[in-house]
Amino acid sequence: MSDKHIPADYIEMDIVKAERFDKKVKDNFTSVIISTVKQITEDYGVLEGVCLDIGCVTAVFAIELCRHSKLKIYALEKEKVIYEVAHMNIEKEGLTDKIIPILGDAHELPFDNDFADFIIGRGSYHCWEDKIQVFKEIHKVLKKGGVGLVGGGFGRYVTEEELNKMKSLRDRSLKENAKAYNSHDILKENIKKANITNFRIIYDKAGLWAEIRK
Ligand SMILES: C[S@@+](CC[C@H](N)C(=O)[O-])C[C@H]1O[C@@H](n2cnc3c(N)ncnc32)[C@H](O)[C@@H]1O
């Protein structure tokens, strides 16, 4: 088994480390990102309107989602140095009119109520210090008729081999925090405590997800 892991300690990074981290994310997670975006497009159709990507890291997911939708994506990241690399990636891809990087914290979303048609939070749920507060924010910012998708997973199009490799890489990188993506009861409780009633939990090969509707 490889001892490779992806650092999850974003706060410590300077720009050089953040660019190296971005390369690791691209090298290791591109297939997962493609698989998850394919799944989203299959489940929700070609999405349109305003999207919020919570914990966008270096915008790799937002860039792939942008290519397969008609969304205008606000990509939110709380670590300044990671946000700067996201900005660079968006510029490199020529997508500055479609993806807007935002430096901010999910605990206090810097958007109006009823702002987003689609909210995605892939792989950032384990980082949120007050998960109930973030769910309240998501619900507030979601438009009526919109969908929020929060959780972690690798998409249903990864092979069995990739799935096992990714799970093991995630467990080594996130350590104790990786449990967040196996604890469907806790996810459900957190959403209920945020006074959200219209939701369902999806827990299958594609990972653990909460689909929130308003
Ligand atoms: C594992 S990465 C997310 C991966 C990315 N969404 C993807 O699907 O490839 C988690 C990211 O969430 C960010 N993050 C954690 N807590 C956050 C918060 N409260 N507000 C905004 N971003 C946050 C971290 O800084 C990190 O860049």
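Two strands pair if DSSP finds at least two bridges between them, and helices (H or I, at least four residues) and strands (E, at least two) are DSSP runs, numbered from the N terminus. What you have above is a predicted model, in which local features need pLDDT of at least 70, side-chain atom pairs count only at pLDDT 80 or more, and totals for chains, interfaces and linings use all residues. Residues are numbered from 1 along each chain as its sequence is written.

Let's start with the strands. E7 has a partner in E5, and another in E6 (residues 199-204), as the table shows.

| Pair | Sense | Bridges | Facing residues |
|---|---|---|---|
| E6 and E7 | antiparallel | six bridges | Tyr-203 and Leu-208 |

Getting from E6 to E7 takes a hairpin of two residues.

Now for helix H4, residues 131-141. Its buried residues (20 or more other C-beta atoms within 10 Å of their own, C-beta atoms being placed from the backbone) are Lys-131, Val-134, Phe-135, Glu-137, Ile-138, His-139 and Val-141. Among the elements covering them are strands E1 (48-54), E4 (116-122), E5 (142-152) and E7 (207-213), along with helix H6 (184-193).

Then there's the ligand, with 21 residues around it; Gly-55, Lys-78, Ala-106, Ser-124 and Cys-127 come nearest. A residue counts as near if its C-beta atom, placed from the backbone, lies within 6 Å. Helix H1 (15-44), helix H2 (60-67) and strand E2 (70-77) each give two or more residues to this shell. By type, the shell splits into 12 nonpolar, four polar and five charged residues. Here Ala, Val, Leu, Ile, Met, Phe, Trp, Tyr, Cys and Pro count as nonpolar, Asp, Glu, Lys and Arg as charged, and the others, Gly among them, as polar.

How values were computed: Buried ≥ 20, exposed ≤ 12 C-beta atoms within 10 Å, placed from the backbone. Contact = placed C-beta atoms within 7 Å.
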